[in-house]
Amino acid sequence: MLAWDLEDWITDVGADLVEKCFANASSLTTTESAVYEIWLLDIEARNGGVSQYFCNHGIQQWAACQAAAVAVGLSSFRAFADALNAIIGTAQDPYEVIRAQGEPAEDLWYFYQSGVIQELREIHQNAL
């Protein structure tokens, strides 16, 4: 389970970045883009599992999320991405693959969530 301070941080910073993104998506810094991408993954996974992320945003958003994590050196994200990519493979519809796998795939994010968000918060604070 995510510590309250981390949950509050990702929720608050993510909400601020959504507003900034809607105003002008190209105005996000590299670090802000990574926070936005992880926030999007986190909020969807907490609401309905990893499949909900893919249902609402698709494989292109997942590619953007991975690229944003790499761009800021979010090393703790790599293990999650590797595990999730091993599940979805080359599927055209990751949503269906994750739904078929059931709870272990749906809840995969929770095994990595705390470490990823903690590291992301540190990266974000250092960028300020």
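In this predicted model, helix 4 and helix 7 meet through two sets of residues: S75, S76, F77, A79, F80 and A83 in helix 4, and W109, Y112, G115, V116 and E119 in helix 7. Sorted by class, the residues of this contact are seven nonpolar, three polar and one charged. Helix 4 covers residues 75-88 and helix 7 covers residues 109-127. Their axes come within 8 Å and cross at roughly 160°. Angles over 145 degrees count as roughly antiparallel, and helix 4 and helix 7 are therefore roughly antiparallel to each other. The crossing of the two helices is left-handed.

Y112 belongs to helix 7. The C-alpha atoms of Y112 and A81 are separated by 9.7 Å, with the two residues 31 residues apart along the chain. Y112 has 24% relative accessibility and so counts as partly exposed, the class between under 20% and over 50%.

Helix 4 also packs against helix 5, which spans residues 94-101. Here the axes are 9 Å apart and the angle is about 95°, so helix 4 is roughly perpendicular to helix 5. L84, I87 and I88 of helix 4 make this contact with P94, V97, I98 and Q101 of helix 5. Its residues comprise six nonpolar, one polar and no charged.

A further helix pair is formed by helix 1 and helix 2, whose axes come within 9 Å and cross at roughly 115°. This crossing is left-handed. Helix 1 contributes E7, W9, I10, T11, V13, G14, A15, L17, V18, K20 and C21 to the contact, and helix 2 contributes E32, V35, Y36, W39, D42 and R46. By class, the residues here divide into ten nonpolar, two polar and five charged.

| Helix pair | Axis distance | Angle |
|---|---|---|
| Helix 4 and helix 7 | within 8 Å | roughly 160° |
| Helix 4 and helix 5 | 9 Å | about 95° |
| Helix 1 and helix 2 | within 9 Å | roughly 115° |

One of the charged residues in the contact of helix 1 with helix 2 is E7, which lies in helix 1. Its relative accessibility is 18%, and E7 therefore counts as buried; the cut-off for that class is under 20%. Not counting residues up to four places away in sequence, E7 touches L2 and R46.

The largest nonpolar core has 39 residues. Within this core, the residues that touch the most other members are I38, W62, L74, F77, L84 and W109. Helix 1 (4-24), helix 2 (30-48), helix 3 (50-71), helix 4 and helix 7 each supply at least two residues of the core. Helix 2 gives the most, with eight residues.

Methods
Residues numbered from 1 in each chain as written. Predicted model: local features only at pLDDT ≥ 70, side-chain atom pairs only at ≥ 80, totals over all residues. Heavy atoms only, no water. Axes fitted to C-alpha atoms, helices over the stretch in contact; angles between N-to-C directions. Helix = DSSP H or I, 4+ residues; strand = E, 2+ residues; numbered from the N terminus. Parallel < 35°, antiparallel > 145°, perpendicular 65-115°, else oblique. Left-handed = near helix turned anticlockwise from the far one by under 90°. Contact = heavy atoms within 4.5 Å. Core = buried A, V, L, I, M, F, W, Y, C linked by side-chain atoms within 4.5 Å. Buried < 20%, exposed > 50% of the residue type's maximum accessible area, 1.4 Å probe, protein only.
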